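Thanks, everyone, for making the time this morning.

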Amino acid sequence: MPRHTRRATLLAGAALTAVMTVTAAMPAQAAWPEKPVTFLIPWPAGGATDIVGRALQPYLAERLGTEVIIKNVVGAGGTIGAAEAARAKPDGYTLFLTTPSVLTSMPHMRPLPYDPKGFVPIGRINDTPMVVMVTKTSPHESIADIVEDAKGKPGELTYASTGAGTLPHITMISLQSSADVELKHVPFKGSAEVMKALLGDVVDVFSDQAQLIPRYDLRPLGVWAKERLPEFPDVPTMKEQGYDQAFSIWLGLFGPEGTPDEVVQKMSAVLEDTLEDPAVVEEFKKLQLAPGYMNPGELADFVESEYERNKNLMGMAGIKKQ
Amino acid sequence: MRRDRLDLIFGAAMLVLAGLLWREAGALDAGNTGFFGFGFDPGFFPRILLGFWAALSLVVLLRGLRGSALRVQAPSWPQLASLMALTAGYVLSITLIGFAFASVAFLLILLPVLGYRRPLVVLPVAVIFPLLTWYVFVFILQIILPVSPWFDRI
Amino acid sequence: MEHLLPALDLVLNLNVGLAILVGTAFGIVMGALPGLGTVLAITIALPFTFSMAPAPSIALVLAIYCSSVYGGSISAILINTPGTPQSAATVLDGYPMALRGDADKALGWATIASLIGGLFSTAVLVMAAPRLAQFALSFGPIETFALIALALTCIAGVSRGSMINGLLAGILGLFLATVGTDTMTGFVRFDFGVFDLAAGIELVPLLIGLFALTEVFARLTMPQDQTGDLEKRIGFSVAPLKEWLLRWKTLVKSCVIGTLVGILPGTGASTAAFISYSEAKRSGRYRDKLGTGEPEGLVASEASNNAVTGGALVPTLALGIPGDPSTAVMMSALIIQGIQPGVRLFADNPELMYGSFIVLAACNIVMAVMGAAAAPALTRILRMPEPVLLPLVLVLSIVGAYGVRGNPFDLLTALVAGIVGFFLRLCGVPMAPIVIGMVLGPTFEENLRQGLILTDGSFLAFFSGHPIAVVLLGVTFVVVVLALVGEARRRGEASATTAPIAG
């Protein structure tokens, strides 16, 4: 394409975008956003959630036409950040980028100063299935092996988690209750500590995100998803092995209760568009994340169903509110 | 100040504190939630610590009772009270009127209180230093500082 | 070594050099500013690495990593505030030296000791990373518990004045670390209904309160001995080789301790510095002068905390298991580049790995040069009149306390720690053990409880089938007994009429 034509196309494109933005913003009282938008992340800077936020930051800023600021408010399993997000002014300038636990599992463990159902869903960003894994030197070749072993010596086989009520814990509760076996639960601070214990043969089984498997050269036994993963075509799903549940770690964008619908719609559209950007797709590939956009309506139903399921599972394990 | 008096006060205070915290630690019985099938409850480790804590406090208390002529340099109490009050006020005002304004006000008050009254130094220092710090944090390091209710960034 | 030439080729370019320069300068500043520090410094740089090639981005992150650990010593020496927790032990001798007017020498000792520590651990990393990484794996919860028990004995080593007060301070630190959410059960402990306490007490604001605030309070309300009239030398001065040779044992020991502690899990650079310091206090040539501004203390702490950098990279790179938050963020930086740390890293990316080692060595050298160059300007601040300097320290400390995680509650933590800490100092309680307790507490408790889960609640079982743990616990026992005996003997000799206030 000759140079001047390309510039003309670009100009036309820019003009078109401008017109579209104006029309889209017409119904709102003013064109949101007219100042920087803050993304509140309840996990530390440099953590898995934060990296996703920072990877998206420039692409979202470009599309929103304003600065995107990332603010990490950390502590207490993300609930400190969630509480601050819930308290924020619902004007669309403070949004909440989070993992599900603060909305779907922490509320079943202790009283929190925010309403987990109060947040307004904007969109889901990714969806990384959980996988049951052991080391390459483990005697267990399948979930059936583990179940059989555990039946023989109840309470001797150990599984690691990243703390009570976290997804690695909940998935193993689910497995234990469906298979009617009992494994010993050893909670750790984070997945790095778990990996050390797993590789050092301190614990036997762990259930967490798939991307850990190549990094630590582990053996996947079962995928908590409806279909097999493209990275591990030979690894059966848990459903195939008789445990019909799906668990995944995902990130969602939410607004505080009362966030105007125009903001939700526009932000959600921007998010969807960003996630389809080839550069972002490439970025996600590097981070080994599977994109999994959901619109506000779908996300609302999804959060609700996860909330109820975790409530049941945690009740089954005897976890009660403090 | 006499060293043994300080020991008495310190030992007694720590002992009382240990007692109060022990009650709190006792209430941390995960047994009543029953979900932690293996291992020890969350109060287990703090109770061990409080045991040591109480024993050591008792030793300090006994040391104080035994008496000694050692003396410790005392601060100037009125100065200390005003300095602590000013600092506390500063911390509180940061959350109310933002870092930049609170710091300027704090320095404008504190420097003269400490006996440094040359306006040609106080004024520029008290204004430039906080604003520079604020600029570096907010714009270069991108760390958001508490803001005043009047503006977006400051 | 067949990878050396391609590795050199990879890192000998303008972008990498630029990244090292910028990263080092930025790291020193972030380390020196109270409160900010390694993790935050790397995090701020992370977004920039998105658009950079792997080699320069790794260079940037490595440069920030080692120089921020060094930077912390500058504020520790000049204003009694460890810029990062890693430099908490540097305060003990660095600040008394600065008070004496020897800030130039103190910076010289700290800089060269940091350089040597950093280079030593880099060499270890190059030569033995994969094998040492396997060693790190043999530390399960029970071994780690024993290791931390041993590390905790350094509380005795840094308790100036009274051992009892020091132990009590250590217990206090361990206890403060239990406040907040218990990660194992999700229970919130000792929050007294204050929701913000559910996140626990943050170390950095506490440190700022205990060191910076208490020092400002003390300096402004307690008449000081002669400091005002002293000539305060500025600049940078390295002690003659003879002086260094007199302290070579401590230097070597600290390098080894730092590297080992870096490799082993769950402790980190602040602990390494304290362990080296208490070792110097036990066996150093100038052990009796330690704590009064003796360079040997600076050598112990600074060689050791910078030696941790190379050591900590061993499990991070070779296993993909970062030992502390700083290396965890560094690992994120690698993952962003599409590089997966872990067992296959050395096989998959040999050039990049050896390139990084060359860069790491270069970073340490650039760091020392920059430190020396900046010293004259930095030491000049000590010539400011106290009523101007100390309020500015106060403002900078407070903003640092907030900056760590952007929670206004941390301002309150720093304030309370400052006020309570001042009265503790008045009662002769040293501050350093509180920090040691805070730093080691969470890992200590977690590993103890994990160990007890694995042994079905039997502490005695820790002693069967865990040879490493048995040895470590045995050494711990001996160290404790020796310390108690030494204390009893000293008590017999003590005959001063005025006790100095503990720092």
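In this predicted model, helix α7 of chain C, residues 141-152, packs against helix α20 of chain C, residues 432-454, with the two axes 8 Å apart and at an angle of about 150 degrees. Because angles over 145 degrees count as roughly antiparallel, α7(C) is roughly antiparallel to α20(C), and their crossing is left-handed.

Which residues in α7(C) and α20(C) meet? From α7(C) they include C:Phe145, C:Ile148 and C:Leu152, and from α20(C) they include C:Leu440, C:Phe444 and C:Leu448. Taken by class, the residues of this contact between α7(C) and α20(C) are eleven nonpolar and five polar, with no charged ones.

Turning to the interface, 40 residues of chain A are in contact with 46 residues of chain C. On the chain A side, at least two residues each come from several elements, among them α2 (48-64), β2 (68-72) and α3 (79-87), while the largest share, five residues, is supplied by α7(A). That side of chain A has 21 nonpolar residues, together with ten polar and nine charged.

A word on confidence, then. The model has an ipTM of 0.94 and a pTM of 0.87, and for chain C the mean pLDDT is 88, with 96% of its residues at 70 or more. I would point out residues 495-503 of chain C, where the pLDDT is below 50, although this stretch has 20 contacts in the model beyond near neighbours in sequence.

Definitions and conventions:
Residues numbered from 1 in each chain as written. Chains lettered and ligands numbered in written order. Predicted model: local features only at pLDDT ≥ 70, side-chain atom pairs only at ≥ 80, totals over all residues. Contact = placed C-beta atoms within 7 Å. Helix = DSSP H or I, 4+ residues; strand = E, 2+ residues; numbered from the N terminus. Nonpolar A, V, L, I, M, F, W, Y, C, P; charged D, E, K, R; others polar. pLDDT = per-residue confidence, 0-100. Axes fitted to C-alpha atoms, helices over the stretch in contact; angles between N-to-C directions. Parallel < 35°, antiparallel > 145°, perpendicular 65-115°, else oblique. Left-handed = near helix turned anticlockwise from the far one by under 90°.
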